[in-house]
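Student: Could you zoom in on one part of this structure for me, a piece of its surface, and then work outward from there? I'd like the cut-offs spelled out as you go.

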Amino acid sequence: MAEPTVLVADDELGVRESVGRALRREGFRVLPAEDGQAALDLLRRGGVDLLLADLRMPGLDGLELLRAAKLLSPQVEVIVLSGHGTVEEAVQAMKEGAYDFLTKPIERAQLTRTVRQALERRALVLENRSLQRRLDELAGAGEIIGESPAIRQLLALVKQVAPASATVLIEGESGTGKELVARALHEGSPRRERPFIRVNCAALPETLLESELFGYERGAFTGAVARKEGRFELADGGTLLLDEVGDLSAATQAKLLRALQDGEFERLGGTKSLKADVRIVAATNQDLASLVKQQRFREDLYYRLNVITIRVPPLRERVEDIPVLAQHFLRLYAAKNHRTLDGFTEAALAQLLAYPWPGNVRELEHAVERAVILARGTLIDVADLPPAISQTEAVTRVVSIPIGMPLDEVEQRLIEETLKLTKGNKELAAKLLGIASRTIYRKLRE
C-alpha cells in the first residue's frame with residue numbers, strides 16, 4: 001500500500017522543513033508548497049490525501065485554499081496551521097470543512113497524531129462511499145439488499161420461482177424481510193402489473209379477518225350498510241400475501257382451503273360462489289409442520305401452501321451483509337432527518353458485526369435510525385448505538401494458540417478462524433483483522 005501523501009503549504013521555509021521532516025520520519029510522502037497558489041497547483045495534479053495549510057499566507061490565504069481544496073478534491077482532509085490562532089479563526093476553519101486546527105509552534109507528537117487521525121477519517125469516508133456504490137448496485141436489482149452467499153442463493157431461488165403460478169410458503173424469523181421476498185416474487189412474475197395485497201393474519205381478530213379476506217354482503221352483520229369486496233377480489237389477477245398465516249383460526253383455515261382448492265369463496269352473509277385468479281404467497285415465523293403435529297394447523301392446508309418453500313435467513317447467518325445494510329439505513333434516515341453523515345467508525349461497525357441481532361434486519365434498521373438522530377459527528381460512533389449493541393463484547397470467538405507455535409502458523413490460524421466467522425468473506429475478514437484484503441489472498445496462496 002502506497003504511503004499517504006501530505007501537502008504542506010506554508011510561506012515560512014523553517015515550518016515547511018520541520019513539519020516535512022517530522023512527517024517523513026513517520027512514513028508519509030510530503031509535498032512542500034511555499035504559498036497558497038503553489039499548493040493549489042499541486043492539488044490540481046491529484047494524488048494528495050491531506051493538506052496542511054498555514055492560515056496566513058500572501059496571496060491565497062489558508063481559508064481560501066481550504067475552500068478551493070474542498071471544491072477541487074472533496075475527499076482531501078485539511079488541517080489549518082496558524083501562529084496567530086484565535087477561537088474565531090478555529091471555528092471558521094471548522095465551518096469551512098477543516099478536520100482540525102493546530103497552533104504554532106507545533107509539537108511533533110500532536111502533529112503526527114492529528115495527521116494520522118485525519119487520514120483515518122479520510123479512509124473511513126472513502127470506504128463508506130465504496131459501500132454506497134455497492135449498495136446502489138445491489139439496490140438496482142431490487143429491494144432485497146445483500147451480497148452474502150445466503151442472500152445470493154435466496155435471490156436465485158426467487159428469480160426461478162417468481163414466473164410460476166405455484167403457491168409459495170416463506171419461512172423466517174420476525175424481522176428478516178419476508179414481505180420483501182413476497183414483493184420480489186410478485187415483481188418478477190407476469191402478475192407484476194396487477195395488485196399486490198397483504199393481509200396480516202395475526203393483527204385481526206377472527207371475525208374481522210374472515211370479512212377482510214372474503215368480503216361481506218350488506219346486512220351480513222351490524223354495521224354492514226353496504227357490500228364490501230374482500231382481499232381475494234381486490235387481488236384478482238395479482239398476488240395475495242397472507243402474512244403470519246400460522247395464526248389463522250380453524251374456521252378461517254377451512255374457508256381458505258376451499259378457496260385454494262376450488263378457486264371459489266363466498267362473501268360473509270352471501271350465498272353466491274365467487275372466483276378470483278389469485279396467486280397465494282403465505283409467510284410465517286412459526287414452524288407450520290410442528291403446528292400440524294400439534295393439530296393447531298390443518299394438514300391439508302399446510303400441503304396446499306407448502307408447494308414451494310423459501311427460507312429467509314436470519315441476520316446472524318448473513319453477517320457479511322451488515323455493513324451494506326447499515327449504510328442503506330443510514331442513507332435513508334439521514335435524508336429523512338436532514339442529517340449529513342458519512343458512515344460509521346471502525347469501532348461502531350465492529351459492534352454491529354459482533355451483536356447477534358435477535359430482531360434481525362428490522363432491529364438493525366431501528367438501531368441505525370436511532371444512531372442517525374443521536375450522532376454528534378459526521379460518523380456514527382459506538383456511543384450513538386443502543387446500549388444493548390454498544391455494550392456487546394466485540395470479540396465473539398477465542399482462538400487458542402499453543403506456546404511455541406511458529407508465527408506464520410499463528411497468522412494462518414487466525415486468518416482461517418476469522419474466515420470461518422465471516423463465512424468465507426475475505427474483505428470482511430480483513431476488516432476484522434485490521435489488514436488489507438490482498439494480504440489475506442497472499443497469505444492463503446502461501
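Tutor: Start with L414, L433 and I435, which make a nonpolar surface patch of about 200 Å². Patch members need over 30% relative accessible area and no salt bridge; nonpolar side chains (Val, Leu, Ile, Met, Phe, Trp, Tyr) are joined within 5 Å, like charges within 9 Å. A salt bridge here is a Lys or Arg side-chain nitrogen within 4 Å of a carboxyl oxygen of Asp or Glu. The areas are Shrake-Rupley values with a 1.4 Å probe, and for residues only the protein chains shown count as cover.

L433 has a relative accessible area of 31%, so it is partly exposed; buried would be under 20%, exposed over 50%, and partly exposed is what lies in between (1.4 Å probe, protein chains only). L433 sits in helix α18 (residues 426–433), where helices are DSSP runs of H or I with at least four residues, strands are runs of E with at least two, and both are numbered from the N terminus.

Now a caution about that helix. This is a predicted model, in which local features need pLDDT of at least 70 and side-chain atom pairs count only at pLDDT 80 or more, while totals for chains, interfaces and linings use all residues. Residues are numbered from 1 along each chain as its sequence is written, and side-chain values use heavy atoms, leaving out hydrogens and water. pLDDT is the predictor's confidence in each residue, from 0 to 100. For the chain, the mean is 85, and 92% of the residues reach 70 or more. Where pLDDT is low, the predicted coordinates should not be read in detail.

From the patch, let's go to the aromatic rings. There are 5 aromatic pairs in the whole structure, a pair being rings of Phe, Tyr or Trp (its six-membered ring) with centres within 6.5 Å; planes under 30 degrees apart are stacked, over 60 edge-to-face, and the rest tilted. F214 and F265 have ring centres 6.0 Å apart and planes at 35 degrees, so this pair is tilted. F214 belongs to helix α8 (residues 206–214) and F265 to strand β11 (residues 264–266), so the contact ties together parts 51 residues apart in sequence. Both partners are buried: F214 has 2% relative accessible area and F265 has 3%. Y355 and W357, by contrast, pair edge-to-face, at 4.6 Å between centres and 85 degrees between planes. Y355 is buried at 11%, and so is W357 at 0%.

Most residues other than glycine have a negative phi, and most peptide bonds are trans. Yet the bond from K104 to P105 is cis, with omega near -5 degrees, and P105 falls in the loop between β5 (100–103) and α5 (108–140). E244, not a glycine, has a positive phi of about 55 degrees; it lies in the loop between β10 (239–243) and α10 (250–262) and is buried at 12%. Q295 also has a positive phi, near 60 degrees, in the loop between α11 (288–293) and α12 (299–305), but Q295 is exposed, at 74%.

That leaves the charged contacts, with 23 salt bridges in the structure. In one of them, R122 and D49 bring their closest N and O atoms to 3.0 Å. R122 is in helix α5 and D49 in the loop between α2 (36–45) and β3 (50–54), 73 residues apart, and both are buried. E173 and R316 form another, at 2.5 Å from N to O. E173 is in the loop between β6 and α7 (178–187) and R316 in the loop between β14 (308–311) and α13 (322–336), so parts 143 residues apart in sequence are tied together. Both are partly exposed, E173 at 29% and R316 at 41%.
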